[in-house]
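This briefing walks through one protein model step by step, and it is meant to be read with the sequence and the 3D view side by side. Please follow each topic in the picture before going on to the next.

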Amino acid sequence: MLKTLHVELLSHTPDAENVIFAAFRQCYASGFVMDTVVQPLKDGKISPEERDQFLRDVLQMGHESPLEHVSFTFAIEGISRACSHQLVRHRLASYSQQSQRYCSEGQDLDYILPPSIAQIREAKELYETFMQQAGETYARLHELLQEHGRHRESSNEDARFVLPNAAETKLISTFNARSLLNFFQLRCCTRAQWEIRALAHRMLHLVKEVSPTLFQKAGPKCEKMGMCFESPKFSCGRKPLYQRPEKSS
Ligand SMILES: Cc1cc2nc3c(=O)[nH]c(=O)nc-3n(C[C@H](O)[C@H](O)[C@H](O)COP(=O)(O)OP(=O)(O)OC[C@H]3O[C@@H](n4cnc5c(N)ncnc54)[C@H](O)[C@@H]3O)c2cc1C
């Protein structure tokens, strides 16, 4: 069955921007942050505008460790195994992914259809036929393995070898804000593959709703830097190219 992207923000650190603000301020204040920041925020002696301006200023600098104190947890379904493989390369995040050992696929395989293939009738037919065959082969292997004494779980384990990269997966992922900003820089860029880019943009939309100042300038690296660091061949052309210094001979 055809599946499409679905992402929810399952949980996040409450008052994430206050926590980051307090962490930054503790670095530069001789007093204790509970007295110099947390209570004044509660009493309205530090306004949200003042906090936001401070955050915008420090986010431009390279001092990023305070961003590690807050985290965002996403529930994700409707992505391919090709996409999840790219996602889990982001080592500074946590993942709990649906297991292909403990969960059986049905004969009607759940899969993702790339838009480029969906647009070409013949390619789409070929793709869908292959998905059906993959599902049927999986189901038959599953049966044969069980007939020959393997129990259900270990049948999943080996029958899954015929599942394609297109097979749909579901997972829960938690990023701290620093790692998430790095993820957005890399995966919101047009250089990134379309599926993980769509996922990244959806995640960005969700976190902007809860922490707008923190993620105001989040997105591809060019948003923050004002220039593109890709080679001319790969640049989308939206921002001027970074001019690399001439190599001295
Ligand atoms: C357009 C694009 C194309 C890609 N193509 C390929 C490809 O062809 N083949 C391939 O294998 N991968 C490819 N990747 C994956 C890429 O190499 C990274 O593995 C992935 O983007 C995760 O990024 P990250 O390491 O910054 O993230 P994280 O693993 O979350 O790390 C975050 C940051 O922590 C630091 N860090 C983490 N671990 C270490 C460490 N061990 N040592 C030092 N610093 C560390 C780094 O500063 C890093 O940026 C591609 C990624 C993109 C965006």
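How many residues does helix H9 have, and how far does the helix reach from its first C-alpha to its last? In this model, which is predicted, helix H9 (residues 194-210) has 17 residues and reaches 25 Å, close to the 24 Å expected at 1.5 Å a residue.

**Helix H9 and its surroundings**
- The buried residues of H9 are Glu-195, Ile-196, Leu-199, Ala-200, Met-203 and Val-207. Seen down the axis of H9, these buried residues fall within an arc of 130°, so they line one face of the helix.
- The face of H9 turned away from that buried side carries the exposed residues Trp-194, His-205 and Glu-209.

- Four strands form an open sheet in the order S1-S2-S4-S3, and their pairing is antiparallel. The edge strands are S1 and S3 (93-97), each of which pairs on one side only.
- Neighbouring strands of this sheet are turned by 20° against each other on average, when direction is ignored. H9 packs on the sheet, where it touches S1 and S2, and the direction of H9 makes about 40° with that of S1.
- S1 and S2 run antiparallel and are joined by six bridges; within this pairing, Ser-11 stands opposite Thr-73 in S2.
- S2 is also joined to strand S4 (residues 168-176), again antiparallel, by eight bridges. Ala-75 stands opposite Ile-172 in S4, while the bridge partner of Ile-79 in S4 is Thr-169.

- Asp-15 has a positive phi of about 50° although it is not a glycine. As background, most residues other than glycine have a negative phi.
- Is Asp-15 buried, exposed or partly exposed? Asp-15 is partly exposed, because 15 other C-beta atoms lie within 10 Å, whereas a buried residue would need 20 or more and an exposed one 12 or fewer.
- H1 has 13 residues and reaches 19 Å from its first C-alpha to its last, which is close to the 18 Å expected at 1.5 Å a residue.
- The buried residues in H1 are Ala-16, Glu-17, Ile-20, Phe-21, Ala-22, Phe-24 and Arg-25. What covers these buried residues includes S1, helix H2 (33-43), helix H3 (48-59) and H8.

**Lys-221**
- Lys-221 has its place in helix H10 (residues 221-225). It counts as buried because it has 21 C-beta neighbours inside 10 Å.
- When neighbours within four places in sequence are left aside, Lys-221 is in contact with Gln-185, Cys-189 and Phe-229. The C-alpha atoms of Lys-221 and Thr-190 are separated by 11 Å, although these two residues are 31 residues apart along the chain.

**Domains**
- The domain assignment of the protein chain gives domain 1 (7-75 + 171-219) and domain 2 (106-166). The centres of domain 1 and domain 2, taken over C-alpha atoms, are separated by 40 Å.

Notes: Residues numbered from 1 in each chain as written. Predicted model: local features only at pLDDT ≥ 70, side-chain atom pairs only at ≥ 80, totals over all residues. Helix = DSSP H or I, 4+ residues; strand = E, 2+ residues; numbered from the N terminus. Expected span 1.5 Å × (residues − 1). Arc of directions from axis to C-beta. Pairing = 2+ DSSP bridges. Axes fitted to C-alpha atoms, helices over the stretch in contact; angles between N-to-C directions. Contact = placed C-beta atoms within 7 Å. Domains from an automatic or database assignment.
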